[in-house]
Each structure stands twice: as C-alpha cells, then as structure tokens.
Amino acid sequence: MRHFYYYFLLLPTCLIACAMPVEMGPDLETTSARFSEAMRWRDVAGAANFLEPGIRAAFLQQFTDDNLHVVESRIITMQLAENGESATADYLLEYYLLPSNRIKKWHWQQQWQLPGSKGMKPRYWMIQNDPPAFP
C-alpha cells in the first residue's frame, strides 16, 4: 500500500512532463540572427554551419582574405512561405578590404529551408543556395 502512495505522488509529475511541448530547434529569426552574428565577427566557419553541406566549401573559399573587415551584417527582409518550412531572406554584408577604407555592400538573396525531421531529432533551418561571388 505504501508504494501506491509513491506512484500516486509521481503521477502529476509524469503528466506535466508529457504535456510539455517538444523542442523542435530554434526558429528562423533566431537562426538567421546567429548566422548574421557569426558573419559580423568573421566566424566564417561558424556561419558555414548554417549552410547545406554541399555548398559550405564554396562559401568558405570566398571569405579567406585577412584584409576583410566587416562593418555590418544583417538580414534586411525575410518572407516566410505559407507552408512555414521555407523562406527567402535578403542578407546584407557591409565591409571594407584593406588598404581601402571605402565601405562596400554585398547582398545575398538567401533561400532558407527547414529540412524534414529524422526521428526525434530537432529540425534546423539551413541556407540552400550558393552565395553570389564576393569581391
């Protein structure tokens, strides 16, 4: 009888745990902000983690110049598709390349996709398209 009371006390805890929403990974706003922040601080390898594996190498090759200095990195506009699993973003990188101090702008029309889930793993937003040529 004594064990019955212990089970009875554990029941509400189990019910609350089952009622909690399942974490599906960060939302698009958070993910795109992390990408922009990585680019702002020239963490190109970290920013590459937000790209599909097939396009990472080309992305990394574009940003190897040590004379690159980032002034601003941000998503200007974002448009979520009706299905909620894809989006188009206009990304802006403001930079200068030494020895010049002239600030230039580079735009990238990004295609974000939320890949399908594999079992209980969370889903993460990923950039699907190659970046344009970086000067």
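Mentor: We'll take the sheet, then a helix, then the core.

Trainee: Before that, what kind of model is it?
Mentor: This is a predicted model: local features need pLDDT of at least 70, side-chain atom pairs count only at pLDDT 80 or more, and totals for chains, interfaces and linings use all residues. Residues are numbered from 1 along each chain as its sequence is written, and side-chain values use heavy atoms, with hydrogens and water left out.

Trainee: OK, the sheet. What's the strand order?
Mentor: S1-S2-S3-S4, an open sheet of four strands with antiparallel pairing. Strands are DSSP runs of E, at least two residues; helices are runs of H or I, at least four; both are numbered from the N terminus. Two strands pair if DSSP finds at least two bridges between them.

Trainee: Which are the edge strands?
Mentor: S1 (68–80) and S4, and each pairs on one side only.

Trainee: How many bridges join S2 to S3?
Mentor: Ten, between residues 86–97 and residues 104–113, running antiparallel. A hairpin of six residues connects S2 to S3. Leu93 sits opposite Trp106 in S3.

Trainee: And S3 to S4?
Mentor: Two bridges, also antiparallel, with S4 covering residues 126–127. Trp112 has Ile127 in S4 as its bridge partner.

Trainee: Switching to helices. Where does H2 lie?
Mentor: Across S1, S2, S3 and S4, at about 165 degrees to S1. Axes are lines fitted to C-alpha atoms, for helices over the stretch in contact; angles run from 0 to 180 degrees between N-to-C directions.

Trainee: Thr31 is in H2. Buried or exposed?
Mentor: Buried, at 4% relative accessible area. Buried means under 20%, exposed over 50%, partly exposed in between (1.4 Å probe, protein chains only).

Trainee: What does Thr31 contact?
Mentor: Leaving aside neighbours within four places in sequence, Pro26, Phe50, Trp112 and Trp125. Contact means heavy atoms within 4.5 Å.

Trainee: Now the largest nonpolar core. Which residues touch the most other members?
Mentor: Phe35, Phe59, Phe63, Leu93 and Trp112, out of 27 residues. A nonpolar core is a set of buried Ala, Val, Leu, Ile, Met, Phe, Trp, Tyr and Cys residues joined through side-chain atoms within 4.5 Å. The largest share, six residues, comes from S2.

Trainee: What does Leu93 touch?
Mentor: Beyond four places in sequence, its contacts include Met39, Phe63, Val70 and Phe134.
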